[in-house]
Amino acid sequence: MEIICPNCGIKRSVDDKVLPQNKTRITTLCRSCGHRFVLHLDHPQAFSTSPAPEDTQEMDKNASKRKSADAPSQVPPRPRQEKSAPSPKDESAKAPAMAEKSRGQVERKKQVKDRPQPVVKEKVRAETVSVDARKKTAVTENKPQPPAGEDLKTRKPEPDKTISQPSITQDSGDKPKTEAKTTFTKRPRPKTKARSIGVILSKGGVGKTTTSVNLSAGLAMAGYKTLLVDTDTQGQSSYMLGVKPEYGLAELVTKEISPQKALHKSRERLWLLAGGRSLAGLKRIIDRKDFGGELTLAEALQPYEQHFDYIIVDSSPGWDPITVNVLFFVKELLIPVSLEVMSLQGLSEFSKSLATIQKYRSNLGITYILPTFLDYKQPSRVDIYEKLKDLYAGYLCTPIRYDPSLAEAPAYGQTIYEYDEDSSGLVDYKALVRRVTDGDALI
């Protein structure tokens, strides 16, 4: 049943079971305005209400007051009186009242402070704690318990297992039986940039190309992904490996082909970026650049640094723009020096030219000095080798002895490892591979 207050007009719903059954009318009180009125229970409409007899007079008085308030006032306004200064007697009389008023305000503030606050956060916190407790108990229940009598301290932790393909084992019957094979996850090795080594000397005929090819082939045989870059216009690296690449370094720098298509796989784990006569036009391209011409090769070879372990750069004799580009790309230098007087003079001249590059690349320096064409039957070569020991003891590698097999192998398009397994040149270049890899190479 719905009840409407005749004074404020607010509706209120009342359950029929609460109302008395033996009465036809009751007196009720409005919860909103506090007005008391009579409710007729025998009337068929729930909204038929009438005020209580004792309240009808008050309602008439309130209505007359509203009408008088709404009517315009006929009384003329009173003249404004100026306030006079309060006398000392009035102030003394008001003082106790103000003190009592302030005292009452202080008491009310204390009551408000002492009033208990609603504990909403504590309930939420208690609920979250109970939920966490339930989760922990569920996890502990699901965990496998150790067998009876086994100590938790002596029990070894079980490693994380990954599902792999099942292996098939033969049972006593004819049907194969599958068993799950357990493997363990391995962390991937972080990718590092390749070691870039430049085989370089301005003097020709010292064995730069022979050293570049056999060093690259030895690193590939030792399990390293190796890239051999030929920057010589003669293109002899391709001839020594017995391959004929369709594209090379010049097409890569001019962006005629993609970096992947420019490579030629010569051996297992050995790729070649060929040189040749087309590099003559590359020199003119570098000379025409107004700025950054020395970084042309470094920008072209940058995509390969994340995909190889070693990048071996075979340079041409002399001092040209491509040689300068090689020095601005590589991080280590290997200097082959044939045991002749002119080779020593070429090493000293190269050291002076290298000093001009070191003004811009202070971390670049000579890493290895490789004596070549050592022949113990010729005393002059032995004397020059001894002088190199005195001057460059910390940089000197195991010398490459004179071996006719090193000169014969390119005619068959083979490296020294493929041509003659019993030659002294093979033993010496194996020692060079171990020196470059700090003794980690198994070849």
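Author: Two strands pair if DSSP finds at least two bridges between them. The model discussed here is predicted.

Reader: How many bridges join strand E10 to strand E15, and do they run parallel or antiparallel?

Author: Strand E10 covers residues 195-199, and strand E15 covers residues 332-338. Ile197 stands opposite Glu332 in E15. The two strands run parallel, and the bridges between them number three.

Reader: Tyr224 and Tyr310 form an aromatic pair; is it stacked or edge-to-face?

Author: The centres are 5.3 Å apart, and the planes make 85 degrees. Planes over 60 degrees apart count as edge-to-face, so the pair is edge-to-face.

Reader: Why does this pair tie together separate parts of the chain?

Author: Tyr224 lies in the loop between helix H4 (208-221) and strand E11 (226-230). Tyr310 lies in strand E14 (residues 310-314). The pair therefore ties together parts whose separation in sequence is 86 residues.

Reader: Is Tyr310 buried or exposed?

Author: Its relative accessibility is 5%. Buried means under 20%, so Tyr310 counts as buried.

Reader: Which residue lies over the face of Phe308?

Author: Phe308 is buried, with a relative accessible area of 7%. Its ring forms an edge-to-face pair with that of Trp271, with centres 5.5 Å apart and planes at 75 degrees. Ring pairs link Trp271, Tyr304 and Phe308 into a cluster. At 5.7 Å from the ring centre of Phe308, the residue over its face is Lys225.

Reader: Which residues touch the most other members of the largest nonpolar core?

Author: That core has 48 residues. Beyond its neighbours within four places in sequence, Tyr304 is in contact with residues including Leu227, Leu252, Leu263, Leu273 and Ile311. Another core, of 29 residues, lies apart and has Leu215, Tyr310, Tyr368 and Leu426 among its members. In the core of 48, the residues touching the most other members are Leu273 and Tyr304.

Terms used:
Residues numbered from 1 in each chain as written. Predicted model: local features only at pLDDT ≥ 70, side-chain atom pairs only at ≥ 80, totals over all residues. Heavy atoms only, no water. Phe/Tyr/Trp six-rings, centres within 6.5 Å; stacked < 30°, edge-to-face > 60°. Helix = DSSP H or I, 4+ residues; strand = E, 2+ residues; numbered from the N terminus. Buried < 20%, exposed > 50% of the residue type's maximum accessible area, 1.4 Å probe, protein only. Lys NZ or Arg CZ within 6 Å of the ring centre and 35° of its normal. Core = buried A, V, L, I, M, F, W, Y, C linked by side-chain atoms within 4.5 Å. Contact = heavy atoms within 4.5 Å.
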